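This briefing concerns the salt bridges of one protein model. Please consult the sequence and the structure shown below while reading.

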Amino acid sequence: MPHLQFEVNKQLKKDIKERFIDFVEKNFSEIMQTGTDHIAISIREMSFNNLSLGRAKNNEHICLMNLDIRAGRTNSQKKRLIKSLICGANDILGIKKKNQYVTITNHVGEEFNFFEKSLS
């Protein structure tokens with residue numbers, strides 16, 4: 001069960017968040033060749049000065065992404081996902097590509113759990 005986390009230093013309208021979540025689910029599903037019912041997405045809206053990225057100017061919006069995904073995904077899949085999400089955050093959230101940073105953490109299936117089962 002991937003947990004895809006997005007921290008931004010701006011307030012987003014409900015319809016923008018819904019559009020971004022739909023985009024993330026669709027792209028993750030296609031790139032990783034999996035369904036969508038197990039994808040968890042968090043969007044955290046921080047106040048402007050609560051995020052920093054060294055290359056961003058002081059008056060610019062930032063998006064930090066932490067992608068917890070299943071181990072075994074190929075480097076090609078990860079690179080496609082990163083590029084896709086950066087482009088989506090640029091197009092949908094209005095955050096410049098250069099002001100985004102992505103971290104991927106790999107987990108074995110047993111580390112992803114619903115109440116009724118692990119997703120091993």
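In this predicted model, Glu45 and Lys17 form a salt bridge, with their closest N and O atoms 2.9 Å apart. The pair connects distant parts of the chain, since Glu45 belongs to strand β2 (residues 40-45) and Lys17 to helix α1, 28 residues apart. A search of the whole structure finds six salt bridges.

**Exposure of the Glu45 and Lys17 pair**
- Glu45 has a relative accessibility of 26% and therefore counts as partly exposed.
- Lys17 is likewise partly exposed, because its relative accessible area is 24%, and a residue is buried only under 20%.

- Lys14 and Glu18 are joined through their side chains by a salt bridge of 3.8 Å, taken from N to O.
- Both Lys14 and Glu18 lie in helix α1 (residues 14-32), where four residues, about one turn of the helix, separate them.
- Lys14 is exposed, because its relative accessible area is 62%, and the exposed class begins over 50%.
- Glu18, at 41% relative accessibility, is partly exposed.
- Lys26 and Glu30 form a salt bridge in which the closest N and O atoms are 3.3 Å apart.
- Lys26 and Glu30 also both lie in helix α1, four residues apart, which is about one turn of the helix.
- Glu30 counts as partly exposed, with 48% relative accessibility.

Technical notes
Residues are numbered from 1 along each chain as its sequence is written. This is a predicted model: local features need pLDDT of at least 70, side-chain atom pairs count only at pLDDT 80 or more; totals for chains, interfaces and linings use all residues. Side-chain values use heavy atoms; hydrogens and water are left out. A salt bridge is a side-chain nitrogen of Lys or Arg within 4 Å of a carboxyl oxygen of Asp or Glu. Helices (H or I, at least four residues) and strands (E, at least two) are DSSP runs, numbered from the N terminus. Buried means under 20% relative accessible area, exposed over 50%, partly exposed in between (1.4 Å probe, protein chains only).
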